[in-house]
Amino acid sequence: MKTKMGVCLALVLCATAAFAEWKMDFPEQYRKEGIDKAVIAAIEQGALPVDIVENGLQLEGLNPQNLVKALYCAGANGKDIIAAAQQHEISEIILAAGYKKAIEECGDQIADSQAYTPIAMGFAGAPELPSDNSSASPDGTEQ
């Protein structure tokens, strides 16, 4: 019984050490090879998008838009990226820009092509109104 417990404990410790290793490698790999390679390596080592976003936002000089793009390009699930961005207060504008940049740079590598569909924006950043011309005012009342 003690042997089985010892083996289980050893496996847990090894798995924890391997999982935590990406956190130590992540900043150095970012500096040497860029955020795209650092995110790919982190995902390959089992890191979740929420953890990558948390650690990525601590990197000096990293634009969050590029972090979002790197996650999409690395094949992370779109819903996980959106949840991570919301948890770490990355704005919808940055999220949409990162997704757009990912589509432009590596659209064929994106795992979830419908993970984020930005709202059509009108003048001054306001959402566009329906174009059925049934109403002339934004609140739907006749004028």
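Colleague: Is α3 enclosed or open to the outside?
Modeller: α3 is largely enclosed by the rest of the structure, because six of its eight residues are buried. Bear in mind that this is a predicted model.

Colleague: Which residues of α3 are buried?
Modeller: P49, D51, I52, V53, N55 and G56.

Colleague: What cut-off counts as buried?
Modeller: Under 20% relative accessible area.

Colleague: New topic. Which residues touch the most other members of the largest nonpolar core?
Modeller: F26, I35, V39, I52 and Y72, out of 29 residues in that core. I52 is also one of the buried residues of α3.

Colleague: Which elements give two or more residues to this core?
Modeller: α1 (2-33), α2 (35-44), α3 (49-56), α4, α5 (78-87) and α6.

Colleague: And which one gives the most?
Modeller: α4, with six residues.

Colleague: Back to I35. What does I35 touch?
Modeller: Leaving out residues up to four places away in sequence, I35 touches F26, Y30, L59, L62, N66, L67 and A70.

Colleague: Then how do α2 and α4 cross?
Modeller: Their axes cross at roughly 50° and come within 9 Å. The two helices are therefore oblique to each other. The crossing of α2 past α4 is right-handed.

Colleague: Which residues make that contact?
Modeller: On the α2 side, I35, D36, V39 and I43; on the α4 side, N66, L67, K69, A70 and L71.

Colleague: How do those residues divide?
Modeller: Into six nonpolar, one polar and two charged.

Colleague: What about α4 and α6, at what angle do they pack?
Modeller: About 50°, with the axes 8 Å apart; α4 covers residues 64-73 and α6 covers residues 92-106. That angle makes α4 oblique to α6.

Colleague: Is that crossing left-handed or right-handed?
Modeller: The crossing of α4 and α6 is right-handed.

Colleague: Which residues of α4 and α6 make the contact?
Modeller: α4 uses P64, Q65, N66, V68, K69, Y72 and C73. α6 uses I94, L95, A97, G98, Y99, K101, A102, E105 and C106.

Colleague: And how do the residues of that contact divide?
Modeller: 10 are nonpolar, three polar and three charged.

Methods
Residues are numbered from 1 along each chain as its sequence is written. This is a predicted model: local features need pLDDT of at least 70, side-chain atom pairs count only at pLDDT 80 or more; totals for chains, interfaces and linings use all residues. Side-chain values use heavy atoms; hydrogens and water are left out. Axes are lines fitted to C-alpha atoms, for helices over the stretch in contact, and angles run from 0 to 180 degrees between N-to-C directions. Helices (H or I, at least four residues) and strands (E, at least two) are DSSP runs, numbered from the N terminus. Angles under 35 degrees count as roughly parallel, over 145 as roughly antiparallel, 65 to 115 as roughly perpendicular and the rest as oblique. A crossing is left-handed if the near helix is turned anticlockwise from the far one by less than a right angle, and right-handed if clockwise. Contact means heavy atoms within 4.5 Å. Ala, Val, Leu, Ile, Met, Phe, Trp, Tyr, Cys and Pro count as nonpolar, Asp, Glu, Lys and Arg as charged, and the others, Gly among them, as polar. A nonpolar core is a set of buried Ala, Val, Leu, Ile, Met, Phe, Trp, Tyr and Cys residues joined through side-chain atoms within 4.5 Å. Buried means under 20% relative accessible area, exposed over 50%, partly exposed in between (1.4 Å probe, protein chains only).
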